[in-house]
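These are my notebook entries from a reading of one structure. I set down what I looked up, entry by entry.

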Amino acid sequence: MVATWLAPTAIFRKLSMDGRVFFWRIFNRPMSSESTSRQADDIPAPLLAEIEEVITHYPVSKRSASLPLLHLWQNHFGFIDDTGIEWIATKLELTPVNIYELVTFYPWFRREAAGKTIIRVCRTLACAMAGAYALREKFCEAAGVDAHADHHGFGQAPPTSPDGKYSVEFVECLASCGTAPVCLINDDLHENVTPEEVGDIVKQYA
Amino acid sequence: MVSLIPQPHPRERRIIFENISRPGWSNDLDTYIAHGGYEQLKKALGMQPSEIIDAVKAANLRGRGGAGFPCGVKWSFIKRDDGKPHYITVNGDESEPGTFKDRYILHHDPHQLIEGVLIAAWALNVNLAYIYIRCEFPHAARIVWNAIKEAKAKGLVGKNINGSGFDCDIYVHQGAAAYICGEETSLIESLEGKRPYPRIKPPYFPAVLGLYMSPTIVNNVETLCHVVHILRMGAEEYAKMGTPGDGGTRTMCVSGDVMRPGYYELPAGAVTLGELINDVCGGLKPGRKLKAVIPGGSSAKVMRAGEIYKVKVKGPDGAMVEKEIPMLDVVMDAASLASVGTMVGSGGVMVMDDSRDMVWALNNLNQFYAHESCGQCTPCREGSLWMSKMTTRMLAGHGAANDSATLKNVADNIAGRTVCAFGEACSWPTQSFLDKFPEEFAALGNGK
């Protein structure tokens, strides 16, 4: 009895990485695949070099490099598609679900493209007291983003303007409560933002 | 990037922010060395590791990340010669609402942190350290990484540090916007490339079974910076700045309804809450009255203006006597705030004046905790969302008569029933807001 129970496990263990990826493809329909292009087919040499470099930072366990690789991937491609998840998993000798579970957990990662400029307005208490809710609406208005669009997270891109230039979203505390309200636009923190200057700030990123 | 550094208030004593406040300061290695940088590392490499740990203990350094655990005690859990690899992970996942001190250290004085990490590494026999920085600080990650590379080129990081034969590599690891990663075991899981579900303690105390199941010390960014100054000033001199049991300076991050919000570095216990708000921060906005203060980051229990606490203190004859302390006279150090039922936490002081609706404020925090609960433990996953939905509904005018009791019941059933301290962190605001401002909740309880 015991042997018949163990047999399928042994077969699974013997499957190569490609075998595991094969099962992944069968059982998981792509979440958002309007385009047919595959990110993994288009990895430029500099990105590959960065990936190889960052893996060396984790001499004890390659798996530790999964977050850094996801960051590099998303910074380059704008989001992470199925082929990206598979490629990173294969690179780190993991199964795709080990990467997929990170993409679905961390709010930072996306499974679809966002706007070229992402405006992240801080929502938490100090910023809220300083007018963050009105500020987000101002940003939506200035960037042409629907302020009432549904945004459930889980890999979905934040509401984006029709021209694809801007995304606007609320995020939790950005750790700059002394200069509230603040927002993070791409990599830059903007502090003590007033509703009057929102238009000019948005134009800087046109 | 980050705002200009204001000049210190006369009551401040800046040691952590001393460099940052210098005119013409820049975050490169040459500037740091020109101001005495890495001298303490050189001194430490000539000391016995046990001497360093004893100094940190004698300095009464408490962790600055929120839990306030004595740093020297934490370090002494590591057995230097147990033959296992040891690790240091620096907690730079600063995301507690109200706290914003590490941001300035990481952006403007990365070498101070690196020096602190290296001293700790020598004391604890660590050859590999990671600095975990939240991804909302993209510039900080680049600045710290460049600083590590600069130090490596000078032989201060990597192999054979400063010719001592001691090796230690430091790398930067970026988070991905999850508050839970500030919890030490969650940070370790995240660093291992897994979903950051906190580990249960016991058995997974980081000092025993930490990163890669090896002994690991997780310290806040500011805590490790303090180590540099303990060596520079001497443990005794350093401890003298603070109160017994809470040595050195504390960075207070003040936000909300005060004239001059910002960070202030004050000797622990040097000011009362009233002095901090009215003197150091320039008081409230004109015509406004104080309503509430959250003294140690959003998870700390709220204090109501005008409250008088009954505290047991040691009298002159050694017997315990009851003393009444008005809210504004509470001293800003770990023991005093704990005695009035709240905590100094990570030093994030949020001030609210009489224009603020407490149900609205609690709802804001509840939404934060509902968003950030990792979902591992049922009471927290369900309870944080439940509390958030309730306060949102009350604000929308659909409150029910027993809402206050239900809210309290939900909060009481989260705290103490979860793997990590997030359970307490998300229930304490609800418990304390209900306790201190019951009339505001009752007023919304009948659907008004």
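Predicted model: local features only at pLDDT ≥ 70, side-chain atom pairs only at ≥ 80, totals over all residues.

Entry 1, a term to begin with.

Entry 2, helix 11 of chain B. I looked up which residues of helix 11 (residues 273–280) of chain B are buried, and found B:Leu273, B:Leu276, B:Ile277 and B:Val280. They cover an arc of only 120° around the axis, so they sit on the same side of helix 11 of chain B. I then asked what the buried residues of helix 11 of chain B pack against. Their partners are strand 5, strand 6, strand 7 (290–294) and strand 11 of chain B.

I counted 17 helices and eleven strands in chain B. For 448 residues, a compact globule would have a radius of gyration near 22 Å, and chain B agrees because its value is 22 Å. Along the principal axes, the C-alpha atoms of chain B fill a box of roughly 70 × 50 × 45 Å. I recorded 56% of the 448 residues of chain B as buried. Of the contacts in chain B with a separation of 6 or more, 71% are between residues 24 or more positions apart.

Entry 4, chain A as a whole. Chain A has nine helices and four strands. Along the sequence, I read their pattern as α-α-α-α-α-α-β-α-α-β-β-β-α. Of the 206 residues of chain A, 40% count as buried. Among contacts in chain A between residues at least 6 apart in sequence, I noted that 61% join residues at least 24 apart.

I found 45 residues of chain B in contact with 36 residues of chain A. Several elements give two or more residues to the side of chain B that touches chain A, including helix 7 (138–153), strand 3 (169–174), helix 8 (184–191) and helix 13 (358–372) of chain B. Which element gives the largest share of that side? It is helix 13 of chain B, with six residues. By kind, I sorted the residues of the side of chain B that touches chain A into 21 nonpolar, 16 polar and eight charged.

The axes of helix 4 (residues 66–77) and helix 5 (residues 82–91) of chain A come within 11 Å and cross at roughly 145°. I noted the crossing of helix 4 of chain A past helix 5 of chain A as right-handed. Helix 4 of chain A makes the contact with A:Ser66, A:Leu69, A:Leu70, A:Trp73 and A:Phe77, and helix 5 of chain A with A:Gly84, A:Ile88 and A:Lys91. I divided the residues of this contact into five nonpolar, two polar and one charged.

I located A:Val202 in helix 9 (residues 198–204) of chain A. A:Val202 counts as buried because it has 22 C-beta neighbours inside 10 Å. Not counting residues up to four places away in sequence, A:Val202 touches A:Phe139, A:Ala142 and A:Ala143.

With 16 other C-beta atoms within 10 Å, B:Ala58 is partly exposed. Leaving aside neighbours within four places in sequence, B:Ala58 is in contact with B:Ala235, B:Glu236 and B:Ala239. The C-alpha atoms of B:Ala58 and B:Tyr238 are separated by 9.1 Å, and the two residues are 180 residues apart along the chain.

Most residues other than glycine have a negative phi, and most peptide bonds are trans. I found a cis peptide bond between A:Ala180 and A:Pro181, with omega about -5°. A:Pro181 is in the loop between strand 2 (166–171) and strand 3 (183–185) of chain A. Another cis peptide bond joins B:Pro202 and B:Pro203, where omega is about 10°. B:Pro203 lies in the loop between helix 8 and strand 4 (216–220) of chain B.

I also found that A:Asn192, not a glycine, has a positive phi of about 45°. A:Asn192 is partly exposed, with 14 other C-beta atoms within 10 Å. B:Asn160, not a glycine, has a positive phi of about 50°, and its place is in the loop between helix 7 and strand 3 of chain B. Is B:Asn160 buried or exposed? I recorded B:Asn160 as exposed, because it has 10 C-beta neighbours inside 10 Å.

Methods. Residues numbered from 1 in each chain as written. Chains lettered and ligands numbered in written order. Rg over C-alpha atoms; globule rule 2.2 N^0.38 Å. Buried ≥ 20, exposed ≤ 12 C-beta atoms within 10 Å, placed from the backbone. Contact = placed C-beta atoms within 7 Å. Nonpolar A, V, L, I, M, F, W, Y, C, P; charged D, E, K, R; others polar. Axes fitted to C-alpha atoms, helices over the stretch in contact; angles between N-to-C directions. Left-handed = near helix turned anticlockwise from the far one by under 90°. Arc of directions from axis to C-beta.
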